[in-house]
Amino acid sequence: MRILMLSSTFPYPPSRGGTEIRTFNLLKYLQQNHDVTLVTQYNKGVSDAEVSELRNYVSELLIFPLPPEPQSKNVITKLLAKTRRFLESVGKATPPNVLYRYSPEIQAVVDSCVAAKKYDVITCEHSVNEIYIRPEFRNSVNTVIDVHSSVYGWIRDHLEMGAAQNVLRDRLYLSLVLKRYEQRYCSKFSQIVVTTQDDRQEFLKLRPDIDIKVIPNGVDLELFPNRSQDPGGHSLIFVGAMDASHNIDAARFFAVEVLPQLQKRYPDATFSIVGARPTPEVLNLKNIPGVIVTGRVPSMVDYFHQSTVCVVPLRTGFGIKNKTLEAMAAGVPVVASDRGLEGLAVDGNDTPLAAFRANQPAEYVDAISQLFENPQMRSQLSQNGRQLVETEFTWNIAGKRYEQVCLGKSGV
């Protein structure tokens, strides 16, 4: 196939965030047997070396600049600009970040490629890229949107859990923009892909007439080898980009509400928050006894291997979680919330126990205590978690299924 992949997010290195990980690994798989042209945009911090490295994984790489951000320091000017952006967003039923990132140059490239019938399929990696697809494209090319996660569901979830950073703004966008937005863009595509059944149900509420494929994320098993020994002890780890609102909320919830209760039983228990770009709110958690904030680390898997248990105390956010899969691949026992285990069959009847489920502080304390006390239980979760990833959640498996969608085949 000749594939045109659109990704406003620069997908390299694939350790930068969840969107980058999924986009890069699907790209890497497709490029093995097909010609892939990637259209992307420069993001903050992208180096020439990273651009050069990414070129090794595509047939052609087209990079465009992001529009400049408004620089005015005048308060009234800023307020008027925000008001204009909000009114434009409501009028067009499109989130402001989608409108901001829009590039007329990219649109011209896409339009000319479709007119010339240069590609067999166009994929949009995350919904932010849907803006470049015109409804009539479906008549001449297979158009695929890989949603990653429902923006409507994500914002609604943050509001319900009290984790929204701007409650008034998000409530307005939820009611005036996001539902209309997802309903509208779904109708433009030949194929719609999501990562979990929960997300599939979210989109079926908006468009019950469409066929939606579920293709979970995967793990690169070479980057996350199974650990060779159990370190024992009472060390906990939570990983992720520490400027993301759902990770900030999870880190704070665990450090403030769970860790002190656990330390009543295990005074030496530590909680390491491992990930790039920790915000001041996350850095302040170091004032709590036992909390360690590392920032970016050279090797995430080394930190996994040194930890007794990995916790994934997410309370918001839809979609399958790379952090959970990577911990399981590394052989670390996992205690996670329903959100942290979304899309994973880890417990229940006839299902090998691959992780402990917890949502309330007391549930975390009980589950972690069981693992601290029982090496055999740690070994069981370690083995079952690794087995689950190996059999269902590799990028090779996800790539094969995505390839079938790109080919326009059903039953994926």
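Reader: Is Asp249 buried or exposed?
Author: Asp249 is buried, with a relative accessible area of 12%. Buried means under 20% relative accessible area, exposed over 50%, and partly exposed in between, with a 1.4 Å probe and protein chains only. This is a predicted model, in which local features need pLDDT of at least 70 and side-chain atom pairs count only at pLDDT 80 or more, while totals for chains, interfaces and linings use all residues. Residues are numbered from 1 along each chain as its sequence is written, and side-chain values use heavy atoms, with hydrogens and water left out.

Reader: Where is Asp249 found, and which residues does Asp249 touch?
Author: Asp249 is found in helix α9; helices (H or I, at least four residues) and strands (E, at least two) are DSSP runs, numbered from the N terminus. Not counting residues up to four places away in sequence, Asp249 touches Ala163 and Arg315, where contact means heavy atoms within 4.5 Å.

Reader: What does helix α9 give to the largest nonpolar core?
Author: The largest nonpolar core has 62 residues, and Phe271 and Val335 have the most contacts inside it. Helix α9 (residues 245–263) provides the largest share of this core, 9 residues. Such a core is a set of buried Ala, Val, Leu, Ile, Met, Phe, Trp, Tyr and Cys residues joined through side-chain atoms within 4.5 Å.

Reader: Which residues are in contact with Phe271?
Author: Leaving aside neighbours within four places in sequence, the contacts of Phe271 include Ala251, Phe254, Ala255 and Leu259, as well as Leu236, Phe238 and Val311.

Reader: What does the second core include?
Author: That separate core of 32 residues includes Phe64, Val114, Ile133 and Val147.

Reader: Changing topic, where is Arg207 found?
Author: Arg207 is found in the loop between α8 (197–206) and β7 (212–214). Arg207 is buried, with a relative accessible area of 16%. Apart from residues up to four places away in sequence, Arg207 touches Gln183, Cys186 and Ser187. The C-alpha atoms of Arg207 and Arg184 are separated by 9.3 Å, although these residues are 23 apart along the chain.

Reader: And the whole protein: how many helices and strands?
Author: The protein has 15 helices and 13 strands. Of its 412 residues, 56% count as buried. Its C-alpha trace spans about 65 × 55 × 45 Å along the principal axes.

Reader: What share of contacts joins residues at least 24 apart?
Author: Among contacts between residues at least 6 apart in sequence, 70% join residues at least 24 apart.
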